Structure formats: C-alpha cells, structure tokens
Amino acid sequence: MYDTSDIRKGLKVLMDGNPYTIIEFQFVKPGKGAAFTRTKFKNLLTGAVVERNIRSGEKLEPANVETKDMQFLYKEGGDLVFMDQTNYEQVTIATDLIGDAHDLMKDNLPCTVVFFNERPVDVTLPTFVFLEVTASEPGVRGDTSGNVQKPATVETGAEVMVPLFIRVGDTIKIDTRTHEYVERVNK
Amino acid sequence: MRGRVLAVDRSVTPAVAIIRGERADVRLPARDAWRPGDLVDGGEVVRAGGEGDFPSPRTETARLPRTRLSNLHARAKAVAALRAFFVERDFVEVETPLLVPSPGLEIHLDAVSAGGGYLITSPEYQMKRLLAAGFERIYQVCRCFRGNERGPHHAGEFTMVEWYRAFDELEAIIRDTEQLVAHVVDAVSGSSTAHIHGRAVDVTPPWPRMTVRDAMRTWAKIDVQGDEPAGALRDAVRAAGIDVDDAAAWDDVFFAGFLARVEPAIAALDRPLVLEDWPAPLAALARRRADDPHTALRFEAYVGGLELANAFDELTDPVEQRARFEEDLRLRRERGRGIYPIDEKLLAALAEGLPPCAGIALGFDRLVMLATGAERIDDVLAFTADEL
C-alpha cells in the first residue's frame, strides 16, 4: 500500500477497481487543520480525470500496472502494432488508445506502453517527433510577420500549421502533446 | 571580477564569457584559456573545472541558479531587517532548545524524534516559561521541524519567527505584524508591495480585518456558530455545495468549507487580511473571549492567500491548559498519531503565574517568498531536504 508520502506524478493506483495514474498533486495544510494531498488522478482506461483529497494516514492501493518501452512497427487497419524491445514480442493496440497523436507516429518510433493486468491501456509518445514535410504551398514572399502560418502535410500524413518559410523537404520538430510545430531542424 | 565561468561563446568576436560572481552573472570578453566550470580571478584561471559537460545537474552551480542565489541574499537582508525591527521596539532576542522532551501536542502536527526526545514544532512552550520568569517582550528566530510536511509552501525544516508581549493584547501583535512585514518587504525590495503567484499585494499598514464568521458567511455562505455539533456544520457546508465526509470531525468540516471558498477569495485580494475571532473549536492555545465563549482570541495574517502568521491571546489558565492537552492527547490516540508527554514544566509555569500575554508565530520563509516574489519555499532555502 502507498501512503501520502509516496504520492508523485505517474504513480499507478487502483481505486474502485480501476487503474489510475497520478497527474498532479499538491500538499495542503491549513495552520491548525489536518494535512491532505489534493490529488488529480487520470483513469488509465477512460482518460477521465478525478480530483480527490488524500489525507495523511490514508492508504492507496497499488495497481498491477507495468510500463514497457516498445517500438512502433506499423499500422494495420485501425490498429497499431508495437514490439517489446527486450523480448521482440508483438502487441496490437487500438488507435483510439493513442488519441490525437496517432497520425504523428512514424515507423520505429520508441514509445512507452502501459499494461494493466497485462492488457495495454495507454501509450505515451516521445514529447517531440521529427518529421519531413511532404506537401505545403510556398509561403507568400515578403510576408514575414511573426504569427502567420500555413498548413503543411508531413510524411505520416498529419497536417500541422507551420511558419511560411517551411518548404517541402524540410524536417520539422513537432510537439506530440499539442500537434504544434516547434522548430525547423537543420540537417 | 572573479567567479565561475558559466558559459563561453566563441562564435562571436571577441568571444564572450558569462561569469557567476557572488552577486550577479556578468558578461565579459573571454580569455582563450577559459572553459566553462573554471574559477577565474582577475583574468587568470585559479582553479580549473572538472571533466565533462558543465554545469552537470549535480553541480552546486546548477543546484542554485541565479534567482535562488539572489533570494538567499534577500533572505539575509530580511533577517537583518527583522532583528533591527525588534531591537528598536525593545524586544529581547532569546534562544530556546530545538531538542525537547515534549513537543507540541497539536493534533495535526507530527514531531520529528531525535536523540531520545523530539525536535520542536514551535518554540512556544519554552518561550512561555521565559515569560513566567519575568521577560516581557521576547522574540526568537529559529528552526522548527514538522514531519510529513512538504509542498510549495511547506518544508519539513523551516524558520519560525515567534514573539510575545506580556501585559499586552492581540491588538499590539496585529500592529507588530503589519509593521514588521512592511518593514522587511521594504528592506528587501525597496517597495511596499509583496508578490506571490504573480499577484501584487500592498502591505502598507494598517491591514484590513475580518472575523472568521464574516469571512465564512461572505465567501462560503456558511453560518458558523462555534458551538454546533459537527453534523450541523456538515449540513451547512454541504448546503453550500461542498463535498465532505460523513465521518469528518468539526475542524475537518470547517476547513473543507474554508479551503474551498474562503482561502481562494483571500488569495484574490490585493491587500493582506487579518482574519480574527476564530470559532472556539479552533482555539488551540488561545483564550476564549470573556463576552463570547464560542469565540477564541486568535488571528491569522494572510498575504496574497499565503497563511503567514498565527497569533493567540495566550491561554494562561493551567487547569484549562491541562484539559486541552489531555483532549489533544485523546484525539491523537483516537487518530493513531504519535503520543508525546505533556510538558509538565510549562503547566507548572502557568500555575506559578503567566502574565496576561499575546504571542505570534510567523513563517519566515514565507515572508521571504513574499518579499522576493519566489513561487516556492524551496526557492528561498539554501538547501531543501532532497538536496542533502
């Protein structure tokens, strides 16, 4: 069992039979009142976030959750196939589980897969991916003002907004959490 | 100029180095021999840096970035200003032991055990014994220790400023507090504005005041009597739309409402707030009002939502004090918390005769946060517990 001193981001706990990961927490103690940890939990199955106050002395049950480094191999229909880098076992995961970032996944991308009772329940991509631009209209010459952007398609098929100076063939850095362009990468 | 070379940029001509001096990071033309991590003095390398990339996360240079170094300079100014403030008002600085046989019995505090005794959670008991011995105005700046407290505003080892005035009342302590905070903020920042979480708070005395009952009524729409059973207060808190456990004790129910509605409202104020007249169940070591036994003579000072200080018109009745200690012990047993011995020497001092007095404990680290605008208590400490 965990107690409040074990609380940290990423801790996996079981509540009402569901696995949760802790995404945020704050220690709260009014001067003459009881201490507690205001904690946000994300349900690993549904993604729903709940907030609970965990009081000092209260226990949390560890969830049978395992995290594995896996490599993305290829898409197959609506599913994605991953490989465990330690034993070469393959796992098929539904695209839904990955959320919006699935269209930023390039073959061989290293990911972190979370298993609950041996079933894959969550996939974390690297924060940044580097992808080549395969299609984009040329920028309007002379228009260099800061925030003007245009759409560009990258090699995985995803469309992202990029600055006007980006051209086909450029490699760009993209934040997988927001789908946002970060910078152009010199080759 | 002397200090450590933080970085060298040789892509420009002439090459530029950034040197960490004691009080500032300075850009200088770089000498050819300079490498990041070197200590230089008057242009010469007096001590070469280690191998590998600099600064690695393990270096002291990385551990204490410039903002934290500046906060520590500010902290030194703050403590000097604080001592000057008390000296000018004829307070005597005292030092009482950190290692004691009987730490505070307050039910929500865990003492840290050490050397067959405990480290103090506050210097209160020993300072009161000094009042019984004849001191009238005493203050202390000391470390206090509280187990299992760690957060953006809490460190397990922190610095408390505690002061007492014998033959005086809370009114004098409120004035001390307002003036002390304004004085320290001015000494550090040259202004009357404290900063916390991106907000500016004008700390010029006198500060607005409000009773706890008014604050609960205004911001939480909850009427608190102070003598109602926990169940009745729970109904009132739930009626205000706040979730609370069936089994919660009176004080837990109160704080559920207070933390949900009152504290955020106080945090949004651009002035400090003296929150006074606490309900009797939250009296702790405060005297009850003669004209209203459901109200304790206690105040808390908030600045920008940060709970900065807590004051009591001190309980001096040894009989009631013993009863409260025993009730605290009973609750500690019931809740499975550590059991500490009652401080009989404090009770004996009360029996001998403690003058009427008022006292306050103020979180010095938090005061430095307000004066510097630091966001976390860690940013005003030279070392956190994790850094040892």
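**Exercise 1.** Across which strands of chain B does helix α4 lie, and at about what angle does the helix run to β18(B)?

*Solution.* The model is predicted: local features need pLDDT of at least 70, side-chain atom pairs count only at pLDDT 80 or more, and totals for chains, interfaces and linings use all residues. Residues are numbered from 1 along each chain as its sequence is written, while chains are lettered from A and ligands numbered from 1 in the order in which they are written.

Step 1. Elements are DSSP runs numbered from the N terminus, helices being H or I of at least four residues and strands E of at least two. Helix α4 of chain B comprises residues 170-189.

Step 2. This helix lies across β11, β15 (273-279), β16 (295-303), β17 and β18 (357-363) of chain B. Contact here requires C-beta atoms, placed from the backbone, within 7 Å.

Step 3. The angle to β18(B) is about 30°, with axes fitted to C-alpha atoms, for helices over the stretch in contact, and angles from 0 to 180 degrees between N-to-C directions.

**Exercise 2.** Determine the strand order of the open sheet of eight strands in chain B and identify its edges.

*Solution.* Step 1. The order is β6-β10-β11-β18-β17-β16-β15-β14, with mixed pairing; two strands pair if DSSP finds at least two bridges between them.

Step 1. β6 (92-93) and β14 (209-211) of chain B pair on one side only and are the edge strands.

Step 2. E93(B) has Y139(B) of β10(B) as its bridge partner.

**Exercise 3.** Is H153(B) buried or exposed?

*Solution.* Step 1. H153(B) is located in the loop between β10 (137-145) and β11 (157-166) of chain B.

Step 1. A residue is buried if 20 or more other C-beta atoms lie within 10 Å of its own, exposed if 12 or fewer, and partly exposed in between. H153(B) counts as buried because it has 21 C-beta neighbours inside 10 Å.

Step 2. Leaving aside residues up to four places away in sequence, H153(B) touches L306(B), R366(B) and I377(B).

**Exercise 4.** Describe the contact between chain A and chain B.

*Solution.* Step 1. Chain B contributes 19 residues and chain A 13 residues.

Step 1. On the side of chain B, α7 (250-267) and β17 (306-313) each supply at least two residues. The largest share, five residues, comes from α7(B).

Step 2. This side divides into six nonpolar, six polar and seven charged residues. Ala, Val, Leu, Ile, Met, Phe, Trp, Tyr, Cys and Pro count as nonpolar, Asp, Glu, Lys and Arg as charged, and the others, Gly among them, as polar.

Terms used:
Contact = placed C-beta atoms within 7 Å.
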